[in-house]
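Subject: Structure handover, aromatic contacts

Hello,

Here is the structure we talked about, with notes on its aromatic side chains below. Please read them alongside the model.

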Amino acid sequence: MSGLHAMPINAIKRRDVTRELERLISDIGAKGGKATRANRGLAAIKKVYSWCVDQRIVENSPVVGLKPPIKEESRDRVLNDDEIVAYWKGCEDEGYPFEQFGKLLLLTGQRRDEIASMRWSELDRHRKTFTLKADRTKNSTAHIVPLSGHALDILRSIHHFLGSDYVFTSTGKTPISGFGRFEDRLDTFVGLDAEDWRFHDVRRTAATNMAILKVQPHIIEAVLNHKSGIVSGVASIYNRHAYLDEKCEALQIWADRVMELVNTNGLATAAEQKSGVSLAS
């Protein structure tokens, strides 16, 4: 959307945005890439204008009601065992912060931005949990994520960025970004000719494998912080805590399976081959 960069925010018209979306789609067609990037670009612009309207920087958003230019189909992509191992190896080649971020994304099954913006203050070393307040979740529902021993080991290996509460940061002031470039680098390991995949597929992979490992559907829903017809209303508030032990067991079973795959291929570090018991030694 580079054609909009030099324009004042209050001077951008709807036609300017649609022109840039069309140009982006055309460039993707010529150079390759994912056409749904145009939808992500529009979503980002809508978010910017929503904030600008709230802050009274602009009176109206020029993109209200503008539909995504690319029709998206519901995905069911799940990484197979070989791809899980390749993904893990790709993360290992990154180093901090993307190595640990990518691994925790797989082990916890949480959303990309929830892990990327993880804060040290959200981690409880005694309860071995990662707690997301309602304003940090997609469905505005507070969520407690038990941390497996392997997830704890990864967190223990990370040094605090001086003066920052962010676990994953390169500046100390903001959480990591640049996920598209990270995904491109992982493509080298997952396989350039592999079926199209994206980070949300990692979350789906965790959920699917927990089901294969005989975790009950309502526990998987609880792990993912999904709102569904299985548990709702007052019961959903109660079960946020009532299922904590079951979520802990499910995530440990899943983490053990990941490490079984990784260890079979000789990729695990010594730290990851044991189960940690706290966030600090």
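In these notes, buried means under 20% relative accessible area, exposed means over 50%, and partly exposed is in between (1.4 Å probe, protein chains only). This is a predicted model, in which local features need pLDDT of at least 70 and side-chain atom pairs count only at pLDDT 80 or more, while totals for chains, interfaces and linings use all residues. Residues are numbered from 1 along each chain as its sequence is written, and side-chain values use heavy atoms, with hydrogens and water left out.

The structure contains seven aromatic pairs. Rings of Phe, Tyr and Trp (its six-membered ring) pair if their centres lie within 6.5 Å; planes under 30 degrees apart are stacked, over 60 edge-to-face, and the rest tilted.

One of the pairs is phenylalanine 98 with phenylalanine 101, edge-to-face at 6.3 Å centre to centre and 80° between the planes. The two sit three residues apart in helix α4 (residues 98–108), so about one helical turn separates them. Helices (H or I, at least four residues) are DSSP runs, numbered from the N terminus. Both phenylalanine 98 and phenylalanine 101 are buried.

Phenylalanine 182 and phenylalanine 199 are stacked, 5.5 Å centre to centre with 25° between the planes. This pair links distant parts of the chain, 17 residues apart: phenylalanine 182 is in helix α7 (residues 179–190) and phenylalanine 199 in helix α8 (residues 199–212). Phenylalanine 182 has a relative accessible area of 0%, and phenylalanine 199, at 7%, also counts as buried.

Ring pairs join Phe98, Phe101, Phe168, Phe179, Phe182 and Phe199 into a cluster.

Regards
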